[in-house]
Amino acid sequence: MKELGIKVDGVSKTYKNLTAVDALSFEVEFGKCFGLLGPNGAGKSTMMHMIYGKCRRDNPQPGQINIFGYDPLDNGLAVRFLSGIVPQENNLDLELTVLQNLLMYAKFYGLKKKEAMVRIDELLAFMELTEKKEARIRELSGGMQRRLVISRALINSPKLLILDEPTTGLDPQVRQLIWDKLRMLKKEGITILLTTHYMEEAFQVCDDLMIMHNGRKVLMGNPAALIQENIEPFVLEVLNPEKLSIPTTRNNFRLEKTYSRLLLYSDDFKALSQMTFGFQTGEYLLRPANLEDLFLKTTGRNLNE
Ligand code: ADP
């Protein structure tokens, strides 16, 4: 029988007239990474805040949340004690050093100084920040600050790591490094919940994900399986389509138009590649379909519009 770390069952959140989260349900097994993927305003952060008790779900209501045996509505503190939280903003104390920032958190979790120093050294080594231990936060790059916030979230050896947009605004190298670390944490048995609007991030680290739009579930499952089961495998992306004549009447393609691109989806790679013969380099991209394409197909919108 699978052991669940998170069970969310029919949960909603309404702000005045706006339903930010609309009857969502999902489960996350121990040691797995689950992603909430969707554009800005989809309701990802609101869902996540309800999980660790930062915001209350609509109540009275029939929905339930269970986090390692606790309902955050009644046991918010217990949920926070078993979780490590990486909020969207870094919220570090800029005047303090890396070590001082971490010690403050260790104290909050009741770690003794000696024990805390050992844990901090381990975490700084893990996040490749050892040489910055005595640096002030102001001296750190954005990527280093983000890695420090992740180290800080791990100080209490959490069962559950919750990350809100872990790599937004970071350069590709830091992003790759953070993805590597998340995969390593998963191997150690930590359950991970993250929100993201980067389909690549969701694809790289999530075992399962929920694609959200306007507070509702669009699709849920393993990222690779979702693509395999719900969309044609290949896409010809035509940039500046107004300059090109595309045979839109042929029925072995499915067409999508966005603001600046024309997308032709097909099972037939050969047929798509034959269409590129008249194109110049830079005018097209022939590639496998991805989660972004799936989002477009299901909602008619771009993920990062
Ligand atoms: P996401 O994390 O996917 O960008 P959010 O959960 O932040 O989405 O927001 C979902 C919707 O709820 C948005 O329309 C947002 O404006 C609204 N919202 C979020 N927090 C509040 C709040 N405290 N008061 C009113 N509306 C809010």
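Me: Between which helix and which strand is the loop that holds serine 157 found?
Reply: The structure is a predicted model. Serine 157 is not a glycine, although its phi is positive, at about 45 degrees. This residue is found in the loop that runs between α5 (142-153) and β6 (160-164).

Me: What is the phi of asparagine 91, which is not a glycine?
Reply: Asparagine 91 is located in a loop, with β5 (83-86) on one side and α3 (98-108) on the other. Although asparagine 91 is not a glycine, its phi is positive, with a value of about 35 degrees.

Me: Which glycine follows α1, and what is its phi?
Reply: Helix α1 spans residues 44-51. The glycine that follows α1 has a positive phi. The residue is glycine 53, and its phi is near 80 degrees.

Me: How many of the residues of α1 are buried?
Reply: A residue counts as buried if its relative accessible area is under 20%. In α1 this holds for Lys44, Thr46, Met47, Met48, His49, Met50 and Ile51. The helix is thus mostly covered, and the number of buried residues is 7 of 8.

Me: Which element gives the most residues to the shell around the ligand?
Reply: The residues surrounding the ligand include Tyr15, Leu18, Ala20, Lys44, Ser45 and Thr46. At least two residues of this shell come from β2 (18-29), and at least two come from α1 (44-51). With 3 residues, the element that gives the most is α1.

Me: Is phenylalanine 81 buried, partly exposed or exposed?
Reply: Phenylalanine 81 has its place in helix α2 (residues 76-82). Together with Leu77 and Phe108, Phe81 forms a nonpolar patch on the surface, with about 330 Å² of accessible area in total. Because its relative accessible area is 39%, phenylalanine 81 counts as partly exposed.

Me: With the side chain of which residue does the side chain of glutamate 232 make a polar contact?
Reply: Glutamate 232 is found in the loop between α8 (223-230) and β10 (234-239). Its relative accessibility is 16%, so glutamate 232 counts as buried. A polar contact of 2.8 Å joins its side chain to that of arginine 254.

Me: What distance separates the C-alpha atoms of leucine 272 and methionine 48?
Reply: Leucine 272 is part of helix α9 (residues 269-275), and it counts as buried because its relative accessibility is 0%. Met48 is one of the buried residues of α1. Along the chain, leucine 272 and methionine 48 are 224 residues apart, and their C-alpha atoms are separated by 41 Å.

Definitions and conventions. Residues numbered from 1 in each chain as written. Predicted model: local features only at pLDDT ≥ 70, side-chain atom pairs only at ≥ 80, totals over all residues. Heavy atoms only, no water. Near = heavy atom within 4 Å. Helix = DSSP H or I, 4+ residues; strand = E, 2+ residues; numbered from the N terminus. Patch = residues over 30% accessible without salt bridge, like charges linked within 9 Å, V, L, I, M, F, W, Y side chains within 5 Å. Areas by Shrake-Rupley, 256 points an atom, 1.4 Å probe, with all protein chains shown as cover. Salt bridge = Lys/Arg side-chain N within 4 Å of Asp/Glu carboxyl O. Buried < 20%, exposed > 50% of the residue type's maximum accessible area, 1.4 Å probe, protein only. Polar contact = N/O pair within 3.5 Å; in protein donor to acceptor, adjacent residues only side chain to side chain.
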